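Biologist: I would like to learn how to read helices and their packing in a model. Could we take it one feature at a time?

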Amino acid sequence: MEISAFLDRKLARRFDTFDTDGNGVIERDDFTLAATRLADEFRQPFDSPHRMRMLALSEQLWDVLSAAADSDSDGGITLAEYKAAFADGLLVTEDNFDAGYRPVLEAVMTIADADGDGKLGADEYVRWTGAWMGLSAPVARAVHGRLDSDRDGVVSVDTVLGAIRDYYFDEAPDSAGGWLLGPLPAN
Ligand SMILES: [Ca+2]
Ligand SMILES: [Ca+2]
Ligand SMILES: [Ca+2]
């Protein structure tokens, strides 16, 4: 597919959120670290089934992502490799989006949704996006406010899923891509 200038910036920003340790390359350790931070943030015991599931899903995510994007098989995904794989339709596409993302997001929610009502309040949203993707608290709080369009203080899994889908596939300049993960890098 054609990568617009807007999508190019969104992919660069998404790449940063995958690169948990910030060394400029996405590697297996980034996924393990993100899962560990998320489980720690929500005080999951070391041997809790939720922590185990999160770690297993993260490993799985890494396997899928590296099989698709690590084209020189050196165990790391560079920004160029990531963008190329997306352009070639090897990563998320509109067709496989739900199947790929829903299980991961539901596992995250199982940990982050403390009272189990399937919805996230602003504090929970700040905590999970900070632990999992390194979003700053002010950014995450503003994002939660935008997602909570009916202003009842909480957002559902489906709302978050829809916004992530828009992040990748909605080209409108005011769509989720422009704010879901905070400000985009310059081109
Ligand atoms: Ca990294
Ligand atoms: Ca590589
Ligand atoms: Ca709401």
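Modeller: Start with contact: two residues are in contact if their C-beta atoms, placed from the backbone, lie within 7 Å. Keep in mind that this is a predicted model.

Biologist: What do the buried residues of H5 pack against?

Modeller: They pack against helix H2 (28–41), helix H3 (49–69), strand S1 (119–121) and H6. The buried residues of H5 are Val-108, Ile-111 and Ala-112. Seen down the axis of H5, these buried residues fall within an arc of 90°, so they line one face of the helix.

Biologist: Why do residues three or four places apart point the same way in an α-helix?

Modeller: An α-helix has 3.6 residues a turn, so residues at that spacing point the same way.

Biologist: Which residues of H1 are buried?

Modeller: In H1 they are Leu-7, Lys-10, Leu-11, Arg-14 and Phe-15. Down the axis of H1 they fall within an arc of 140°, so here too they line one face of the helix. Their cover includes helix H4 (79–87) and helix H8 (157–169).

Biologist: How is a pair of packed helices described?

Modeller: By the angle between their axes and the distance between the axes. H1 and H4 pack at about 125°, with their axes 10 Å apart. That angle makes H1 oblique to H4. The crossing of H1 and H4 is right-handed. In this pair, Asp-8, Leu-11, Ala-12 and Phe-15 of H1 meet Leu-79, Tyr-82, Lys-83 and Phe-86 of H4.

Biologist: At what angle do H6 and H7 pack?

Modeller: The angle is about 130°, and the axes of H6 (residues 122–133) and H7 are 9 Å apart. H6 and H7 are therefore oblique to each other. Their crossing is right-handed. On the H6 side, Ala-122, Tyr-125, Val-126, Thr-129 and Gly-130 meet Ala-137, Ala-140, Arg-141 and His-144 of H7.

Biologist: Is Pro-138 buried or exposed?

Modeller: Pro-138 lies in H7, residues 137–147. Pro-138 has 10 C-beta neighbours inside 10 Å, so it counts as exposed; the cut-off for exposed is 12 or fewer. The C-alpha atoms of Pro-138 and Leu-11 are separated by 22 Å, and the two residues are 127 residues apart along the chain.

Conventions: Residues are numbered from 1 along each chain as its sequence is written. Chains are lettered from A and ligands numbered from 1 in the order in which they are written. This is a predicted model: local features need pLDDT of at least 70, side-chain atom pairs count only at pLDDT 80 or more; totals for chains, interfaces and linings use all residues. A residue is buried if 20 or more other C-beta atoms lie within 10 Å of its own, exposed if 12 or fewer, and partly exposed in between; C-beta atoms are placed from the backbone. Helices (H or I, at least four residues) and strands (E, at least two) are DSSP runs, numbered from the N terminus. The arc is that of the directions from the helix axis to the C-beta atoms. Axes are lines fitted to C-alpha atoms, for helices over the stretch in contact, and angles run from 0 to 180 degrees between N-to-C directions. Angles under 35 degrees count as roughly parallel, over 145 as roughly antiparallel, 65 to 115 as roughly perpendicular and the rest as oblique. A crossing is left-handed if the near helix is turned anticlockwise from the far one by less than a right angle, and right-handed if clockwise.
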